Structures are given as C-alpha cells and as structure tokens.
Amino acid sequence: VMRRVITWNRQLFPIFPDVVSFPGTLRRFCNANRGGSWHAWNIQEQLSSCSRAEDIVDIVLAGPERWSRVNMSTAWHRLGRFGDRCHDKRRIREAIRRLSDVHRARGFEGYKPRNLANIIWAWGKLQFKDGAMMREICTWVVREPDQFLARDLSNIIYALAQMRHKNDDLLHAVSGMPGLLLGESRERKDELSSQSVANLLYAFAVLGHNRRQTLAQLCDVGVVMLPKFKPQELAMSLYGCGVLNFYHEAFVPQACELVSARVTEFSTHGLANVAYGLGRMEYCHETALESLCDHSKEKLGGFTSQGLVNTIYGLGLAGYRHEPWVLAFCNHTKGRLEEFTPQNLANTAYALG
C-alpha cells in the first residue's frame, strides 16, 4: 500500500522527487549518509515539515549528535529561513551552539556542495561568525569550485559579505576561473537568476573584490534579465557597481530606466542605495534621480539617518540638485541632527556645498 501511495502521489515526499518506492528511497537515503538510519530519515521528515522557528529549535535541542550530514544541512537552512521569527533569542543561540559543536567535532568532510552552500547561507542569515569553521568551508570550495552550482557560489559569497568575512583564496578561485560563475555553457548561465547577479555585485562591493572582467560578465548577463529584476535587486546592483566604481554602458543606464518606471515599488533603503551608487559612479541619470527625489521627498521620515546622508551625498556626487527635495531634506533633518555622526555631518555639508 505504501509503495502505491508514494508512486501515485510523489509530492508527499518533495525532498525526494525521484521516489518510486518506499524501501528503495529509504535505502538510498541511508546509503548517502554514512551511519544513516531510520532515525536520520525521521529527523529529516520533521525538519522539512517545520515552518515555526520554535518547533525547529525544539528538534535541534533534542540532540543533533547522531544526525546525518543532510539532517545538519537542513537544520541550518530551516533556522536561517525562520530563525528571525523566534522571540526567544536565547534558545536560538543555544540551537546554533549545539549544531556548531557537532561540526567542530566532525568537520565538514563528506558534505555535498549544496549542503555546504546551505549551511554557510544560514550562517549569513543568522549572523553566526566562527572564523575557523568559515575558513574550513571556504577551503572545501577552493579545492573543487567547479563542483558547485553557480547559484550556490553566489549564495556562499553573499553570506560571506553579510558576515564581513573576506576569504581571498575563495574569491580569486571563483572569479579567476572563466565561466565558473557565468560560464561559456548554456547550463551555467541558466543557473543564474537576477537575485544571484544582484547578490554577487553587492557582495563583491562589500568585500572589496574588484575584478573587472568578472563584473563585466555579471553585468552582461544582468542586461538580458533586467526585466526580471525586483526593486531590491536593482538597488543592490547599482549600489555594488557604485562602490566598485564600475560603470557598465548597457546595464547601468537600463537599470536606471527601470528605477524611474518602478520608483514607487522601492523601499527607502533601496532608494538611498540607488542614489549612493549612482553618486559613487558620478553618473547623473536625470530621469531616475528626478523620479527618486519626487517620490521620496514626502517619505523622508522613513529613512534612517544613514539613508538620508547616503541619498544627499549620492545626489551631490552625481551633480544633481533637486531644489524641492533639498528643501524638504533640510527641514526634516534639522530635528534629527543628534542622530548624525560627525562623518555624516561632514558628508551632508559637502553635498550641500
């Protein structure tokens, strides 16, 4: 009966899309994980079905010492995805400690590339920083970077940027191999999404990795998929290009046209990133900047102090002055000056001057 149910309704077990029989699937799962057992299968089912952070933490705190590699990867991924919804941060920290202790004892040998990518992605979301373990995972990536899918590499690099952990060996291995991220082959190009391109441009900027050939390749691919970019992805991409002072003749102007057309969809943080990125490139796209100023001048209360400074500083560097926006900025910020650092005040004075 179980064999027929699973054969007829494969979506009951979405983590095993190739299921044809229950015994065969269980055997493959256990063989793929040394020491695999019914316990590992049961834990995987529990983790995969959880969407409440509290439930995931309960499973982890019950003891991950006997878990398989797949169990460990899934637990990290679920914590990274839902952990910010848990109100008891102490229990989240304890769950992270229990999982990381297992890695310290076992290491990362035998983990599949996707598992490693999921783990370090979760670390970025959770802001879990352990230099030794991050270096160990980076070492595994450097050894065989071509075993990782393009989207996995982009997730790894983005997570490192979130944690401000720069690993030069990994960055050079990934960006120094032509076609590794983007590829000559159609297969690798199809792996990249608009989010992957945006994440990489942003991450390279945060990590200070400025390899022009790789940036040009990313933007070349980005131009083709620009209609698919979400507002946040457009803002991240323009910010990344700006910080790296990399102007792409096709990507940047076309991205600006989309900013102008979809400006109402941007968050205040995204608008600040767009203005700052264009300013750092010293690129004055009047249509985009005019739309940005017209839309944001009534929403300045939603900006952080850093966002306000980044916006006016970017407008100043781009050589664009929008008088109604500047007036609204001055009237608004005079009541928030105590939030500004000395550097923020200096940048504001420079932009206004």
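Where does asparagine 245 lie? Asparagine 245 lies in the loop that runs between helix 14 and helix 15 (251-261). Its phi is near 55°, a positive value in a residue other than glycine. At 48% relative accessibility, asparagine 245 counts as partly exposed. Here buried means under 20% relative accessible area, exposed over 50%, and partly exposed in between (1.4 Å probe, protein chains only).

The model is predicted: local features need pLDDT of at least 70, side-chain atom pairs count only at pLDDT 80 or more, and totals for chains, interfaces and linings use all residues. Residues are numbered from 1 along each chain as its sequence is written, and side-chain values use heavy atoms, with hydrogens and water left out.

The protein has 20 helices and zero strands. Both are DSSP runs numbered from the N terminus (helices: H or I, at least four residues; strands: E, at least two). Of its 353 residues, 53% count as buried. A contact means heavy atoms within 4.5 Å. Among contacts between residues at least 6 apart in sequence, 73% join residues at least 24 apart.

The largest nonpolar core has 106 residues. Such a core is a set of buried Ala, Val, Leu, Ile, Met, Phe, Trp, Tyr and Cys residues joined through side-chain atoms within 4.5 Å. Trp67, Trp76, Trp123, Ile157 and Leu278 have the most contacts inside the core. Helix 12 (residues 194-207) gives the largest share of this core, nine residues. Leucine 278 touches Leu238, Val252, Cys256, Tyr283, Leu289 and Ala318, residues up to four places away in sequence not being counted.

The second largest pocket has a volume of about 450 Å³. A pocket is an open set of points on a 1 Å grid over the protein atoms alone, where a 1.4 Å probe fits, with protein on both sides within 12 Å along at least five of seven lines; lining residues have an atom within 4 Å of a point. Grid points are joined across faces, edges and corners, and the volume is the space filled by probe spheres set on the points. The lining has 17 residues, and Trp121, Asn155, Tyr158, Gln195 and Asn199 are the closest to the pocket centre. Helix 7 (113-126), helix 9 (150-162), helix 12 and helix 14 (231-243) each supply at least two lining residues. The largest share, five residues, comes from helix 9. By class, the lining has three nonpolar, ten polar and four charged residues. Ala, Val, Leu, Ile, Met, Phe, Trp, Tyr, Cys and Pro count as nonpolar, Asp, Glu, Lys and Arg as charged, and the others, Gly among them, as polar.

Individual sites complete the description. Serine 73 sits in helix 5 (residues 69-82). Serine 73 counts as buried because its relative accessible area is 1%. Serine 73 touches Asn115, Asn118 and Ile119, not counting residues up to four places away in sequence.

Glutamate 282 lies in the loop between helix 16 (268-280) and helix 17. Its phi is positive, about 55°, although glutamate 282 is not a glycine. Glutamate 282 is exposed, at 62% relative accessible area. Glutamate 286 belongs to helix 17 (residues 286-296). Glutamate 286 counts as exposed because its relative accessible area is 52%. The C-alpha atoms of glutamate 286 and glycine 319 are separated by 9.8 Å, and the two residues are 33 residues apart along the chain.
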